[in-house]
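Let's take a walk through a protein structure together. Have a look at the picture first, and then we'll go from the overall fold down to single residues.

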Amino acid sequence: MNILQFNPNRKNYKILNKVLSSDFCKDAKVDVSIIEKIKITFIFFKKKNEILGICGLYVSKYKTNELFIAVEKKYRNKGIGKKLMKKLIGFCEKKKIYFFIQTINNKTYLPALNLYKSLGYNKCFCIDNKIILMKKNYPFLIVFYRIIFFYYSSLKFLIKKKFIK
């Protein structure tokens with residue numbers, strides 16, 4: 001088993017497109033719409049053509065670095081997500097890249113939440129069932145900026161949900 005780093009360039013779009021179009025990515029709510037916003041990607045291969053997971057960062061519409069991660073359903077809870085995350089975290093620490101994890105707080109995502117917490121990410125903002133996790137050592141201005149846009153987008157969503165049914 002092998003983890004390869006893919007930098008976002010036209011040469012790698014074909015592979016990234018294939019992976020992001022897979023059923024396991026769709027199941028994790030990760031799709032090809034982020035392909036041109038990807039900053040870095042790590043892909044977990046079992047054999048040359050068998051991809052078991054993907055993890056990386058994309059730049060959100062608010063210009064913050066956000067996590068995306070997906071693992072093939074039958075290989076979940078076997079440490080693949082943790083290996084991918086550790087690779088990503090190591091890369092980000094070397095490059096001084098700060099990223100946030102936005103997820104849903106429900107039973108389906110409990111294993112993912114436990115993974116993030118085991119890697120030092122803590123829940124810091126929450127509206128409805130939407131949460132943001134981050135590490136404690138992030139610079140204040142980066143955190144402040146992300147808080148503003150988290151609450152802005154969440155409130156916008158809640159208003160639409162309440163008044164546009």
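What pattern does the protein chain follow when you read along the sequence? It goes β-α-α-β-β-β-α-β-α-β-β-α. In total, the protein chain has 5 helices and 7 strands. Helices (H or I, at least four residues) and strands (E, at least two) are DSSP runs here, numbered from the N terminus.

Before going on, a word on what you're looking at. This is a predicted model, in which local features need pLDDT of at least 70 and side-chain atom pairs count only at pLDDT 80 or more, while totals for chains, interfaces and linings use all residues. Residues are numbered from 1 along each chain as its sequence is written, and side-chain values use heavy atoms, with hydrogens and water left out.

Now for the overall shape. The C-alpha atoms of the protein chain fill a box of roughly 50 × 40 × 30 Å along the principal axes.

What about inside and outside? Of the 165 residues, 43% count as buried. Buried means under 20% relative accessible area, exposed means over 50%, and partly exposed is in between (1.4 Å probe, protein chains only). The protein chain exposes about 10,200 Å², and carbon and sulfur atoms supply 56% of that; the areas come from the Shrake-Rupley method with a 1.4 Å probe. As for charge, there are 36 positive and 9 negative side chains, and the centres of the two sets lie 4 Å apart. In this count, Lys and Arg are positive and Asp and Glu negative, leaving out His and the chain ends.

Among the contacts with a separation of 6 or more, 56% come from residues 24 or more positions apart. Contact means heavy atoms within 4.5 Å. Gln5 gives you an example: this residue lies in strand S1 (residues 2-6). Gln5 and Thr41 are 36 residues apart in sequence, but their C-alpha atoms are 5.8 Å apart in space. Leaving out residues up to four places away in sequence, Gln5 touches Ile40, Thr41, Phe42 and Phe91. At 40% relative accessibility, Gln5 counts as partly exposed.

Two of those neighbours take us to the aromatic rings. A pair of aromatic rings is described by the distance of the centres and the angle of the planes. Rings of Phe, Tyr and Trp (its six-membered ring) pair if their centres lie within 6.5 Å; planes under 30 degrees apart count as stacked, over 60 as edge-to-face and the rest as tilted. By this rule the count comes to 10 aromatic pairs. Why is the pair of Phe42 and Phe91 edge-to-face? Their ring centres are 6.0 Å apart and their planes sit at 75°, so the pair gets that label. This pair links distant parts of the chain, with Phe42 in strand S2 (residues 38-47) and Phe91 in helix H3 (residues 80-95), 49 residues apart. Both Phe42 and Phe91 are buried.

Phe140 and Phe144 make a stacked pair, with 5.8 Å centre to centre and 20° between the planes. Both lie in helix H5 (residues 140-163), 4 residues apart, which is about one turn of the helix. Phe140 is exposed at 61% relative accessible area, and Phe144 is partly exposed at 42%. Elsewhere, Tyr62, Tyr145 and Phe149 form one aromatic cluster.

Stay in helix H5 for a moment, and find Arg146 there. Is Arg146 buried or exposed? At 3% relative accessibility, Arg146 counts as buried. Not counting residues up to four places away in sequence, Arg146 touches Thr64, Glu66, Phe100, Gln102 and Ile132.

Finally, the loops. Most residues other than glycine have a negative phi. Lys29, however, has a positive phi near 65°. You'll find Lys29 in the loop between helix H2 (23-27) and S2, exposed at 67% relative accessible area. Lys96 also has a positive phi, near 55°. Lys96 sits in the loop between H3 and strand S5 (101-104) and is exposed at 66%.

Methods:
The place of a charge is taken as NZ of Lys, CZ of Arg, CG of Asp or CD of Glu.
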